[in-house]
Structure formats: C-alpha cells, structure tokens
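Open the model in your viewer and show it as a cartoon.

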Amino acid sequence: MCLWDRWLWELGFAVCHQRTDRLLSFGGRPLFVCARDTGMFVAFFGLLLALSLLRRERSAGIPSFATIALCVAGILFLAWDGLTSYLGWRESTNLLRFLSGATGGAGLAVPVSALMNREIWLEDTSRRIMGGGRDILFVSVVPLVALPLYIMRPPSLFRVAQLELLLSMLGTFWSLNLLLICLLRPRRREEALRARIALAFLLLALELAASYWAHRLLAGGGPLVPPPALFGRLP
C-alpha cells in the first residue's frame, strides 16, 4: 500500500468501520470507506454541486410534493437496508448498500441544497428547487457519471473513483459546516463569504481529527490494514 492509499485509509477510519467485506473494490483495489458510505457521499455532494455549488441561477423554494415523496422514499430505502441488515433479519449486498446509500444521500441533498441556496447564496425562495428543466438536467448527470463507475468498477478508473470519493466526502462535511455557520449567524447580502468558507474548512479538519482519535480510542488502536492478498478477493 503506497503512502497515498495509506493516508486515505487513515482518513476513512475517521468516518467508517472499513470492514473489508463491505468495501467496493476495483480489480482487487478497495476504496477507503464502505459501499454505503461511498454511495451516500458521492450522491449527496454530486447533487449539491448540481443544485447549488456550481449553479449561477439557484432555486431556494420548497420542492414539490412529488419531489419530497421521492426524497423520503430514498431515505427510507437507506433506513430499511441498514436497519434490517444490522438487526440480522436479512443479509445485504455491496450493490444494495451502495444503492441505498446513494438514494439516501440524494434524498437528503435536495432539501439541503434548497436551504443552502437560501441561507448561503440568499436566493429567492419563490422558485421551487427541482421545479424546472435545468435542475432536472443537472441532477441527471450525477447518476449517469457515478452509477457506471461504482457499479462496474473498471480497474483502470480506480484512481478516478478514489479521488471523486475523497472530494465528495470532504465536500459533504465542508458544505454542511458552511450551512451550519450561516444558520447560526445569518449572512447579510453585502457580506463576503471568504471568512465563513475558511471557518468551514477549519471545522472540517477539527471534526475529522476528533472523530479519528475517538475511533482509535473506542477501537483500541488504529485502522487494521488488510494484507494485499485479501484485497484480490473482495467483491
């Protein structure tokens, strides 16, 4: 395991159990968090980019009833898959874990995007999020890119998937920090965002460090890095 992979493995230990049978593998090379976390981070941050962070014209209104129903269904699917497998009622698969994480992440991302557009970007709440063709078009790009990559998992694209997952994980926590900052201290329209953005990054570093050391304390040590031979047998 090279230094880059080892650093990612240590980083993933801050947020994930990293059970080897729950990792998505690209030709025997595993990602650094489990399948469910992978789906959740990639879908959540992907939709956040599509609906908020990369948009010039943003919608901040409450989504339609149909959109809310789809979001709730995605979150319930995540809860059902996680809870029933945790209680031992059924055995899930990595594909189901990834898909349930993705639907749950997407279901959370839509209302969070509307809230970010209102609190951070100070957009008009009269336009419903996911209420226009542009929102739907931008959102449709996310599954078209993510699903083939993480379901088919071609070995040649391992580093691409690794980097996307890293950016999605860090971006998820950073964006939620930024939203929390703006909720606790509402932003004025004339106020620049630079200080709040920097504070969100600082909180991200502190949160990951605290979570990492708490996990080490509870687990009685650092992450267990499986031998390379085991990676070749991962699904």
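Which residues of α5 are buried? Select Asp135, Val139, Val142, Ala146, Leu149 and Tyr150, the buried residues of this helix. Bear in mind while looking that the model is predicted.

Now select the whole of α5, residues 133-152. The helix has 20 residues, and its first and last C-alpha atoms are 29 Å apart, close to the 28 Å expected at 1.5 Å a residue. Look along the helix axis with the buried residues still highlighted. An α-helix has 3.6 residues a turn, so residues three or four places apart point the same way.

Next, show what covers those buried residues. The cover of the buried residues of α5 includes the strands β1 (23-26) and β2 (29-34). Among the helices that take part are α2 (35-53), α4 (94-119) and α6 (158-184).

Then step past the end of the helix. Arg153 follows α5, and its phi is positive, near 50 degrees.

Colour by secondary structure to find eight helices and two strands. Starting at the N terminus, the order is α-β-β-α-α-α-α-α-α-α. Along the principal axes, the C-alpha atoms fill a box of roughly 55 × 35 × 35 Å. The radius of gyration is 18 Å, which agrees with the value near 18 Å for a compact globule of 235 residues.

Switch to a surface view. The accessible surface comes to about 12300 Å², and carbon and sulfur atoms hold 70% of it. Of the 235 residues, 46% count as buried.

Last, select the charged side chains: 24 are positive and 15 negative, with the centres of the two sets 2 Å apart.

Methods:
Residues numbered from 1 in each chain as written. Predicted model: local features only at pLDDT ≥ 70, side-chain atom pairs only at ≥ 80, totals over all residues. Heavy atoms only, no water. Helix = DSSP H or I, 4+ residues; strand = E, 2+ residues; numbered from the N terminus. Rg over C-alpha atoms; globule rule 2.2 N^0.38 Å. Buried < 20%, exposed > 50% of the residue type's maximum accessible area, 1.4 Å probe, protein only. Areas by Shrake-Rupley, 256 points an atom, 1.4 Å probe, with all protein chains shown as cover. Lys, Arg positive; Asp, Glu negative; His and termini not counted. Charge placed at Lys NZ, Arg CZ, Asp CG, Glu CD. Expected span 1.5 Å × (residues − 1). Contact = heavy atoms within 4.5 Å.
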